[in-house]
Amino acid sequence: MSPGPQQPKDPRGSLVRPYAVTRGRTEPIRDIPIEAVLVASQSAVQEARFAGHDKYRIAVLCEPGAQSMAEIAAYCRMPLGVARVLVADMVTEGLLTLHSAAPKEGFSERMDLLERVLSGLRKL
Amino acid sequence: MDFASSERAGARPKEITSAKIVVAGGFGVGKTTLVGAVSEIEPLTTEAVMTSAGEGIDDASTVPGKETTTVAMDFGRITMADDLVLYLFGTPGQTRFWFMWDELIRGAVGAAVLVDTRRISDAFAPLDYFENRHLPYLVALNCFDGAPRYEPTEVREALAIPPHVPLIMCDARQRDSVKQVLVCVVEHAMATLVAEQGRGYPAPVG
């Protein structure tokens with residue numbers, strides 16, 4: 001398998017400390033599962049122009065359709081923890097909508113999801 | 001998928017649920033190949049930067065000589081419906097990054113432990129890990145070209161795989177074979193959930 005369409009490693013990785021873009025914050029203001037998807041709000045791209053380069057990139061990425069926390073980190077070439085701090089801020093600021101990860105409680109909720117995933121896999 | 005149009009129409013955007021299946025196994029066993037065989041995107045890599053035990057306590061950016069370690073995880077995506085996405089996450093190959101595995105399995109549907117029959121001992125650490133976690137998992141033997149072929153019963157015995165854990169053969173390069181592995185993971189998760197419900201066990205949290 002080829003390594004994929006990712007661009008060469010961002011040279012900033014060796015020049016800027018990973019958490020510099022979050023001004024040193026390492027804890028997101030809310031927990032976001034790695035697989036939870038986010039969608040940009042209607043005016044997110046426009047509003048994020050003034051929210052800094054990294055938030056703007058995230059808004060642009062999530063504008064056409066849902067992207068997971070993992071995809072945002074990968075496409076923006078940021079460490080997961082850094083991307084999570086920014087994304088959590090953007091959810092609070094109303095720029096992104098956080099959608100739900102798989103239900104962890106409730107027999108029927110969990111079974112419904114498993115059935116939907118199973119049927120989706122069989123259709124592949 | 002155009003979610004914006006429903007927003008413009010004033011309707012509440014549909015809630016999108018995402019699920020994940022974890023693909024574990026030793027280094028070089030074919031996890032990324034397996035993910036790539038069914039993913040709609042080329043497998044992506046997400047990195048987590050670890051600043052040893054001090055993360056969140058001391059500020060790494062102020063300590064010039066601070067050691068950092070990067071843990072890489074490969075993943076793929078299958079969009080099943082406009083409101084359902086399945087992600088496949090490969091665990092980091094190095095087993096010392098257990099804490100990253102803990103995050104990966106949290107909320108997962110289930111896991112497949114991929115085993116290379118040429119280096120069977122590499123599977124001990126991942127199998128130990130899942131034996132002590134409350135997550136449905138199965139073992140998939142990746143049949144490489146020229147790899148020694150063992151009977152599933154021999155492998156089960158060699159790796160001391162418990163009887164309730166399914167063991168299947170696969171070819172991580174073949175889409176249909178990988179699809180079958182994932183179908184088995186979900187079926188096993190459903191059977192486990194039904195059995196737990198019958199026994200009145202609390203819901204697993206992964």
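**Hairpin in chain B**

I started with β3(B) and β4(B), which form a hairpin with 2 residues between them. This is a predicted model, so I'm reading everything here as computed. I checked the sense of the pairing: β3(B) and β4(B) run antiparallel, joined over 6 bridges. I also looked up B:Ala81, and its bridge partner in β4(B) is B:Leu84.

**Helix pair in chain B**

Next I went to α2(B) and α6(B). I got an angle of about 100° for their packing, and their axes are 8 Å apart. Angles of 65 to 115 degrees count as roughly perpendicular, so that is what I call α2(B) relative to α6(B). Which residues make the contact? From α2(B) I noted B:Leu34, B:Ala37 and B:Val38, and from α6(B) I noted B:Arg175, B:Val178, B:Lys179 and B:Leu182. Sorted by class, the residues of this contact come out as 5 nonpolar and 2 charged, with no polar ones.

**Where chain B meets chain A**

Last, I turned to the contact between the chains, to which chain B brings 50 residues and chain A brings 47 residues. I wanted to know which elements of chain B each supply at least two residues to the side that touches chain A. My list has the helices α1 (3–8), α2 (31–38), α3 (98–105) and α6 (175–199), plus the strands β1 (17–25), β2 (44–50), β3 (69–81) and β4 (84–90). α6(B) gives the most to that side, with 9 residues. By class, I have the side of chain B that touches chain A down as 29 nonpolar, 11 polar and 10 charged residues.

Methods: Residues numbered from 1 in each chain as written. Chains lettered and ligands numbered in written order. Predicted model: local features only at pLDDT ≥ 70, side-chain atom pairs only at ≥ 80, totals over all residues. Contact = placed C-beta atoms within 7 Å. Helix = DSSP H or I, 4+ residues; strand = E, 2+ residues; numbered from the N terminus. Nonpolar A, V, L, I, M, F, W, Y, C, P; charged D, E, K, R; others polar. Axes fitted to C-alpha atoms, helices over the stretch in contact; angles between N-to-C directions. Parallel < 35°, antiparallel > 145°, perpendicular 65-115°, else oblique. Pairing = 2+ DSSP bridges.
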